[in-house]
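Take a look at the model below.

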Amino acid sequence: MYVAVKGGEAAILATHDLVAQARRGDAAVPEISVAQIREQQGLSCARVMNEGSLYDADLAALALKQAQGDVIEAAFLMRAYRTTLPRFGSSEPVDTARMAIRRRVSATYKDLPGGQVLGPTYDYTHRLFDFALMDNEGVMVGLDPTISGREGATAAGDARVKPEHDVASLDAHMPRVPDILGAEGLMEPEVPPEGDPRPFDLTREPVSFPADRDVRLQAMARGDEGFLLGLGYSVQRGFGGNHPFVGEIRVGEVSVEFIPEELGFAVDLGEITLTECQMVNQFAGSKDVAPQFTRGYGLSFGHSERKAMSMSLVDRALKCREFGEAAEYPAQQDEFVLYHSDNVEAAGFVEHLKLPHYVDFQGELELIRRIRHEREQRLAGENEALPEAAE
Amino acid sequence: MAVLSRASRAEIAQLVGTDVPRHDILKAPETGTVMVEGRAGGAGRRFNLGEATVTRCIIRLDDGAMGFSYALGRDGRKARLAAILDARLQRAAPGAALHRAVDALAERQSAARDLASRKAAATKVDFFTLVRGA
């Protein structure tokens, strides 16, 4: 018999009030605006857009505000909102070769065409606190000039350049690094399959295994950064047989083109920021394939290179079947990776454990009591039998 | 349309002006999504990267000119104004003031792109090699 228990409405209403208060914090401190979060917490917004699988920086900022900065809760809000929207269709595949570059680095070639463009990165900062960001008068001055740029700006010998005056803009054409190796025939070619088929959409159709690469890439694009980072790390540490180099990371703006039915030609919807990572992996060759470099690919919304790098590591690991490698480790097993990378699903199943399970638990309680009772009776019976046996 | 989709609502409102022409709304501003596709390795198999919000609107001016607007984001007001502007641009003679104003907007967008590119170029690495024992 299923017993429904009701109650708690008043408590739930009160908790809604309380969470609003907790979210607001000390009323003496000014409230942050959604625009401030969008502009000043952009990397957080990028993560919410990726894991919420919806590109909209305003909504990501709102989600972060509403969720008190809880990224997974914010991604959940994005996913829930997305389900209320009609889908107009699919874009033309974005062309990352025509990206307006803000950052582009390669660990494989020093002197590549277009150059190494560091862009905005924390890579070369000292990870010292910049207390100047605490803003108030009288607080300590910034300690890490590599972040704030406030110290030493007027010192003689300042090597900084003034972009507005001194610098020419970047080359319009920045070749993708794997294509340079591809021209030599040393890189696994990357061409669309016969007929350039529409990609599988895991939001519309159930996934089956083994999963094709389009399914895997979609799942990872919306997957949890931390989970993919851990898996990528496991590949590097030996739980996967790859030896990766960053062929290229690029960050910048890409146009999104869409062909509306009523127009019949592609319209430019505007630009989105993307991060792309091309991981280059050594491959000793197999019976059918000559020794060459193989690719791992990562693409993500916003500036999110840790995510794109992790994705590209796991993408290569998941290609093990195509290269005749044994799938011995978690990062090589598509079912394991795809079923556990979605943090909204994972959080839902883990966190549902805190919801009432009173009836289930009552059942288990009675079962344990009965087993213990039976065990005690059995032991008592054996004890009665024992003395006779001893004599 | 590429210029208008990148323009702010304020910029479009300024181009339309205070004297908004009479128009029928054929498709009211509607926000939905477009699934953004990528290609594995940049040039290979297509895959679904994730969706993006898009708002569209279709209007018809009294003189019969149809105007379309499709742009990223959720700004319905901007979509309607952009659709009106699109219709008026189709009726305006080449070189008309409205076309010149849109050209000026395109130039501002291009200048902003150029500045962003220069800022990135300022972080370009100049390698030099230290020759030991020379």
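In strand β2 of chain B, Ala52(B) is the bridge partner of Tyr55(A). The model is predicted.

**Strands across the chains**
- Leu54(A) has Glu51(B) as its bridge partner in β2(B).

**β2(B) within its own chain**
- Strand β1 of chain B, residues 23-39, is antiparallel to β2(B), and 14 bridges join them.
- Thr33(B) stands opposite Thr53(B) of β2(B).
- Six residues lie between the strands in the hairpin of β1(B) and β2(B), where Gly41(B) takes a positive phi near 70°.
- Strand β3 of chain B, residues 66-72, also pairs with β2(B), in the antiparallel sense over seven bridges.
- Val54(B) has its bridge partner, Leu72(B), in β3(B).
- The hairpin of β2(B) and β3(B) has four residues between the strands, and Gly64(B) there takes a positive phi near 100°.
- β2(B) is mostly covered, with 14 of its 16 residues buried.

**The whole contact**
- Chain A puts 65 residues into the contact, and chain B puts in 49 residues.
- Several elements of chain A each supply at least two residues to the side that touches chain B, among them β1 (54-55), α9 (213-221) and β4 (244-258).
- β5(A) gives the most to that side, with eight residues.
- The side of chain A that touches chain B has 34 nonpolar, 12 polar and 19 charged residues.

**Domains of chain A**
- Chain A is divided into domain 1 (10-82), domain 2 (96-115 + 171-190 + 199-346) and domain 3 (121-149).
- The C-alpha centres of domain 2 and domain 3 of chain A lie 34 Å apart.

Conventions. Residues numbered from 1 in each chain as written. Chains lettered and ligands numbered in written order. Predicted model: local features only at pLDDT ≥ 70, side-chain atom pairs only at ≥ 80, totals over all residues. Contact = placed C-beta atoms within 7 Å. Nonpolar A, V, L, I, M, F, W, Y, C, P; charged D, E, K, R; others polar. Pairing = 2+ DSSP bridges. Domains from an automatic or database assignment. Buried ≥ 20, exposed ≤ 12 C-beta atoms within 10 Å, placed from the backbone.
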